[in-house]
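Subject: Handover of a structure and notes on what was found

Dear colleague,

Please find the structure below, together with its sequence. I would be grateful if you read the notes that follow with the model open beside you.

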Amino acid sequence: MSEFKQEFLQIYRTHIARTGADKLLAWLETTDFFTAPASTRFHGSYPGGLCEHSVHVYQRLRAELAEDIKAHAQREESIAICALLHDLCKANFYKVSTRNVKNEQTGKWEKAPFYQVEDQFPYGHGEKSVFLIERFIRLSTEEAVAIRWHMGGYDEAVKGGSYAQSAAFDKYPLALALHLADMQATHMDEISD
């Protein structure tokens, strides 16, 4: 078992006690969540990258909200849920394919593996994660909004001109904090090509 899977499971089992959490974790084990990449060619584009990214987001979010946790102990569960599960939509999302790549040393063309998207359930990014989580556990409104809008300006709705993300960040500080933790983990903690 990878160190990041072990850490993910330890955080999950320690901090997430909501009804259905055990069923959600059992379902996760039936997916490729712990071995999937976080992306096809950017951050975490290697086996286990998704789990690693989720742990990094947790570490960033928890550090950002440390004072809030001291004042409100129940925030620990919300932080763990949002950080660990924000990209649940990427479980069973990628497939390994091959393409021809020229070997610079030999000059010969060789087959090389790469990840490509094979979205079986095209429902959007953040909203798909919310939908999948809520098949097992109930999210608070704040948690659902945070997960829904964690992509910030990279979200398709925002690119299309929606102002809902800005309103979500204003009303729910956890939403902005999750987005920032996601960006920090992506650009500061993980290898990018």
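The notes below treat helices, salt bridges and the surface in turn.

This is a predicted model, in which local features need pLDDT of at least 70 and side-chain atom pairs count only at pLDDT 80 or more, while totals for chains, interfaces and linings use all residues. Residues are numbered from 1 along each chain as its sequence is written, and side-chain values use heavy atoms, with hydrogens and water left out.

Helices

Helices (H or I, at least four residues) and strands (E, at least two) are DSSP runs, numbered from the N terminus. A residue is called buried under 20% relative accessible area, exposed over 50%, and partly exposed in between (1.4 Å probe, protein chains only).

Helix α5 is largely enclosed by the rest of the structure, because 11 of its 11 residues are buried. Among them are Ile79, Ala80, Ile81 and Cys82. Helix α6 is also largely enclosed by the rest of the structure, since 6 of its 8 residues are buried. These are Gly126, Lys128, Ser129, Val130, Leu132 and Ile133. The buried residues of α6 pack against α2 (21–29), α5 and α7.

Two packed helices are described by the angle between their axes and the distance between the axes. The axes are lines fitted to C-alpha atoms, for helices over the stretch in contact, and angles run from 0 to 180 degrees between N-to-C directions. Helix α9 (residues 164–171) packs against helix α10 (residues 173–189) at an angle of about 110°, and their axes are 5 Å apart. The two helices α9 and α10 are therefore roughly perpendicular to each other, a term used for angles of 65 to 115 degrees (under 35 is roughly parallel, over 145 roughly antiparallel, and the rest oblique). On the α9 side, the contact is made by Ala168, Phe169 and Lys171, and on the α10 side by Pro173, Ala175, Leu176 and His179. Contact means heavy atoms within 4.5 Å.

Salt bridges

Side chains of opposite charge can pair when their charged atoms come close. A salt bridge is counted when a side-chain nitrogen of Lys or Arg is within 4 Å of a carboxyl oxygen of Asp or Glu. The structure holds 12 salt bridges.

One of them joins the side chains of arginine 62 and glutamate 76 (2.9 Å, N to O). This pair links distant parts of the chain, with arginine 62 in helix α3 (residues 49–64) and glutamate 76 in helix α5 (residues 75–85), 14 residues apart. Arginine 62 is partly exposed at 32% relative accessible area, whereas glutamate 76 is buried at 9%.

Arginine 75 and glutamate 142 form a salt bridge, with their closest N and O atoms 2.6 Å apart. Arginine 75 is in helix α5 and glutamate 142 in helix α7 (residues 141–148), so the pair ties together parts that are 67 residues apart in sequence. Arginine 75 is buried, at 12%, and glutamate 142 is buried, at 19%.

A network of salt bridges links Arg18, Glu77 and Glu143.

Surface

Phe121, Tyr123 and Phe131 form a nonpolar patch on the surface, with about 270 Å² of accessible area together. Patches are made of residues with over 30% relative accessible area and no salt bridge, like charges being joined within 9 Å and nonpolar side chains (Val, Leu, Ile, Met, Phe, Trp, Tyr) within 5 Å. Accessible areas come from the Shrake-Rupley method with a 1.4 Å probe, and for residues only the protein chains shown count as cover. Phenylalanine 121 is placed in the loop between β2 (109–117) and α6 (126–133), and is partly exposed at 31% relative accessible area.

Yours sincerely
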